[in-house]
Amino acid sequence: MIMLVLPLSGLDYKIKQKQVYCGDSAKVYSEKKSFRQLPNMDFLPFSGAVLNRNYDEWFKAYLKFVDEKQSIAHKFKEIFLRPDFKTHINNSSVKFLDIGCGNGVLTEKFLTDFCNNFKTAKVELDAIDVNSNLLEEFNHRFVQLPENVKIFSDKKDFFNSDINKKYDFIIASHVLYYADNLSDSLIKIHNSLSDNGRALIVHHSGKDCILAKLRAKYNPLSSANLNQAENEISKKDLIAELLYNKNIKFDLYRQYFNLNFPEKIEHIDLKNLISFIIDKPYSEILRENKLTGIIKDISANMDSNRNLNLFNNIYVISKES
């Protein structure tokens, strides 16, 4: 038993953890009636942009307490070093596209690993994002570059752009939630690959990712949650299904990471972190009287180290000549 103490709105919510969960067989929720059931979501469009102006702060708070980017980069490194990948890498020039590059945290990690393992490769990377603030941080991060690396950044929505270049590697980490049409977006990514190119798509593992389940329960219309109802989360993987139906070759990997709630956390960070988890402004959460329930569900799914055990799916799309 552990105690979670979260100072919110001047009050201390002290909630005892009922059960620690860990592993594939763990039940995140035992009462299915706690989820709001929605119609089949396959044919609904997905909103293209995060409109809330505080999202930057939410995201920064999330990055403080999560090891997700490091974990994704580690998995990318494993994929890059696979023999079938290495044989298709042209040591004279490799073209990357980073869709939704954000502030460049992940870009820096996977690019460093790639260059360390392919020292003679000349790398050209196009980095695009719709968020001006994050893109500015990205540019500051890459002021100095090795001679063999060139980076071009631009404010652009890939899914509604006229980009017609071909890339050897495409990185799309947590961006498909905001595509207007999921099927068309996957085809566009596939068509943007060069012969023998690869696209690495990172997406919440809705089936067992607590973030997806919390959004399904407390914010079922979240633009950052693809599988929006509990029954949809548990029964299908829409991305895998669409790739299969479009005869697009892909491999699927699972990536584990942790979101930690330390014993001491600043009030503003906690507010932003909860807002990120539910994908809703903190003021709306309070107004809807959902805060107590959210805290209980977060607490009930913590392990003994005060972590939420989370999972992503990484889809590796192949284009072979």
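**View 1. Contacts across the whole chain of the predicted model.** Among contacts (heavy atoms within 4.5 Å) between residues at least 6 apart in sequence, 79% join residues at least 24 apart. This is a predicted model, in which local features need pLDDT of at least 70 and side-chain atom pairs count only at pLDDT 80 or more, while totals for chains, interfaces and linings use all residues. Residues are numbered from 1 along each chain as its sequence is written, and side-chain values use heavy atoms, with hydrogens and water left out. The protein has 12 helices and nine strands, which are DSSP runs numbered from the N terminus (helices H or I, at least four residues; strands E, at least two). Of its 321 residues, 54% count as buried, where buried means under 20% relative accessible area with a 1.4 Å probe, protein chains only.

**View 2. Helix α1 and its packing partners.** Helix α1 spans residues 55–64, and its buried residues are Tyr55, Asp56, Trp58, Phe59, Ala61 and Tyr62. These buried residues pack against the helices α2 (68–80), α5 (132–141), α7 (210–218) and α10 (267–278), and also against the strand β8 (250–260).

**View 3. The largest nonpolar core.** A nonpolar core is a set of buried Ala, Val, Leu, Ile, Met, Phe, Trp, Tyr and Cys residues joined through side-chain atoms within 4.5 Å. The largest one holds 33 residues, of which Tyr62, Leu259, Phe261 and Ile277 touch the most other members. At least two residues of this core come from each of α1, α7, β8, α10, α11 (282–287), α12 (291–300) and β9 (307–318), and α10 gives the most, with six residues. Leaving aside neighbours within four places in sequence, Ile277 is in contact with Leu211, Leu214, Arg215, Leu259, Phe261 and Ile298. Another core, of 31 residues, lies apart from the largest one and has Ile72, Ile79, Leu106 and Phe169 among its members.

**View 4. The open sheet of seven strands.** The strands follow the order β5-β4-β3-β6-β7-β9-β8, with mixed pairing, and two strands pair if DSSP finds at least two bridges between them. Because β5 (149–155) and β8 stand at the edges with a single partner strand each, one side of each is left without a neighbour in the sheet. Neighbouring strands of this sheet are turned by 15° against each other on average, direction ignored.

**View 5. The pairing of β8 with β9.** The strands β8 and β9 run antiparallel and are joined by 11 bridges. Phe250 has Ile317, in β9, as its bridge partner.

Conventions:
Buried < 20%, exposed > 50% of the residue type's maximum accessible area, 1.4 Å probe, protein only. Axes fitted to C-alpha atoms, helices over the stretch in contact; angles between N-to-C directions.
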